[in-house]
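Please read the following points alongside the sequence and the structure.

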Amino acid sequence: MDILNVLLTALRQWWSEFTLQAKLLALSTLVVSLIMTGLTFFSLSSIQSDARLSDTRYARDVGLLLAANVTSLVAEGQDRQLITVANRFWQQSSSIRYILFADPDGVIYLSFPLDNVDEDSTLLLSRRMELPDSIYDHPGNPLVRQHLAPDGQVTDVFVPLTANGQNLGAVALGLNPNEVVLNTTALTRKVTITVFISIWVLVILGAVFNALTITHPIKALLHGVRKITAGQFSTRIALPMGGELGELLDGFNAMASQLEVYKAANIEEMKAANKELKVAQAQQQSLIATMADGAMLLDARGCVVLANPTSQRLFRWEARKLVGEPLVNLLPESLLMDVGEALQQALAGEHATRDIRCSFGSPTRTLRIVLVAVTDPSSNALKGVTVTLQDLSREVELNAAKSRFISNVSHELRTPLFNIKTYVETLHDLWTQISDEERSEFLATANAETDRLTRLVNDVLDLSRLESGQEFRFEPMELRPALEQTLRNYRLNASDKGVRLLCEVEPTLPRVQANFDLLLQVLDNLVGNALKFTPSGGLICLRAYLWPDSCPVPDVSTSATINDLTSRMPRLRVEVSDTGCGMNELDQARIFGRFYRAENTVHTEQGTGLGLAIVRNIMEKQGSVPKLVSKPGVGTTFWFELPLEGSDDDELALLAERVQADT
């Protein structure tokens, strides 16, 4: 196997030495020689086939002629005349090798030559002939076959002898093939082989001559060109060649000299320009990569050439191959109609700039897409299209929140102000016409509406104060007083509505690090919401317990994640559970947002939608995050966690900053 590999490698190297012209010449010569050889052998086969067919016909005719002459003799039993006739056939035809006569049982009773039976017994095979019975059904159609004997090919003819429907036996003849045809075939074969070998000898001689006179200089020139391409301008070719090939080599050497001089004179300038270009490209790539807006560059066919990380993040293309892909194949289906049409117009040169605003995805995101066609200043030919993507989702959400806030505040302000104005005008105009009870009722209503206005203004001011970055002091305190005061504040309202209030607090709870006023505001908002959405006969329960049972004090100076810090900080969990109407998953995901109200879909409860936003901001100040679990028709449970006594203000502030950043 190793020897075969070595031979194949040597053959490949030898073949690579030839030029393309020499290879084509060799291949064409091979094809022509193969075609000529094939035609010659085809002709030879045809001649041999015709010779065999001629021998068969000749043998058939000789056999029928002999049978016609000896049938009557065999039938009459004239053996002497039979021998005479058969001997005459044998002596007059040099192509007849043997003649055999057999009786109806196949036993051979006469054969020619008469005196050569023992010597040529291989031709008789046996003293009995086995012939098929069907041969006697067609006397005029003898059996002819050919076989190869030790001294050459023989054509055998078996002719049945019949007279008046009586089977007299059979006569068998063996004939030699035509010597002229055999000699012609052998001569044709020798001539063909000689021509084939001569052609290939000429081809090999021509290839060797071509390699010695043309291939070597051309390979040297090719080797020199490759070195020049690799930057080795000192390469020279020294071959004593004349004519056009010599001029080509001299021109190559002159070109290499000029390139070497040019390289020596301008290499520093090229390096400096290349360095400046790389710096500029790096600055451009860094600028594009750090852009807050998405940016893409398309070629003249609309395929992506460049896409910065922001655009990949907007469409979630981080793991996809973008370069070379058509933009229309990458965009979501919801954007294809708007962006696809605008892109086709930009590529067709109908509009130089297109500004599109569209929404897609779940949750819905709003994008501003600006397409600008880039053209060649000299020819005005389209070079590509730049695509700028601006995520307006936050702006749209803020505008929607602002609209909701204005709508809610306007509604909440208008209703109590209208009620106050109505009752005050009534008291002013009809003071003497109404009873004292009616006056007291009107004043009580005006007072309640005034309290309602006060709560609305206080909610807005509280949220603004929390979001302004004001610092709050947290100190050790007992949790039970805040829980009991919250229950006292809502006990009458709960009794009027028929809702039970419970407090499940262990008597040995540790002290927590918190701000009493802020904690009281959180509990007030949570219990107030629970009471608002709990029907008559329901239950509201406040619980407080350690979670988990024991935790080591974490090292907040490390680079631990928010989840690690909050999971290791010793804390007390506070729950507010109700058996109210519950919330669906959409409301649960958005309930802590500003100005969002779960009752917006039914408009059955009043409120500004700021209560839970205030709760979230207060808990972030304390390094915690309020959470909830809810099921429609079953109820809702809100909970938050407070650090235990022993956590100083610096630890809480650091944890609060990380919680706000994570949020």
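1. In this predicted model, Val-201 has a relative accessible area of 42% and is therefore partly exposed, since that class lies between 20% and 50%. Val-201 is located in helix H5, which spans residues 179-229.

2. Val-201 also belongs to a nonpolar surface patch of about 570 Å², together with Phe-41, Ile-193, Ile-197, Leu-202 and Leu-205. Helix H5 supplies the largest share of this patch, namely five residues.

3. Glu-641 lies in strand S17, which covers residues 635-643. Is Glu-641 buried or exposed? Its relative accessibility is 16%, and Glu-641 therefore counts as buried, the cut-off being under 20%.

4. The side chain of Glu-641 forms polar contacts with two arginine side chains: that of Arg-571 at 2.8 Å and that of Arg-573 at 2.7 Å. Leaving aside residues up to four places away in sequence, Glu-641 touches Trp-547, Leu-572, Met-619 and Ser-624 as well as these two arginines.

5. The average pLDDT of the protein is 76, and 76% of the residues score at least 70. Over residues 115-125 the pLDDT stays under 50, and the model shows seven contacts beyond four places in sequence for this segment. Residues 550-563 likewise stay under 50, with 26 such contacts in the model. Where pLDDT is low, the predicted coordinates should not be read in detail.

Key. Residues numbered from 1 in each chain as written. Predicted model: local features only at pLDDT ≥ 70, side-chain atom pairs only at ≥ 80, totals over all residues. Heavy atoms only, no water. Helix = DSSP H or I, 4+ residues; strand = E, 2+ residues; numbered from the N terminus. Buried < 20%, exposed > 50% of the residue type's maximum accessible area, 1.4 Å probe, protein only. Polar contact = N/O pair within 3.5 Å; in protein donor to acceptor, adjacent residues only side chain to side chain. Contact = heavy atoms within 4.5 Å. pLDDT = per-residue confidence, 0-100. Patch = residues over 30% accessible without salt bridge, like charges linked within 9 Å, V, L, I, M, F, W, Y side chains within 5 Å. Areas by Shrake-Rupley, 256 points an atom, 1.4 Å probe, with all protein chains shown as cover. Salt bridge = Lys/Arg side-chain N within 4 Å of Asp/Glu carboxyl O.
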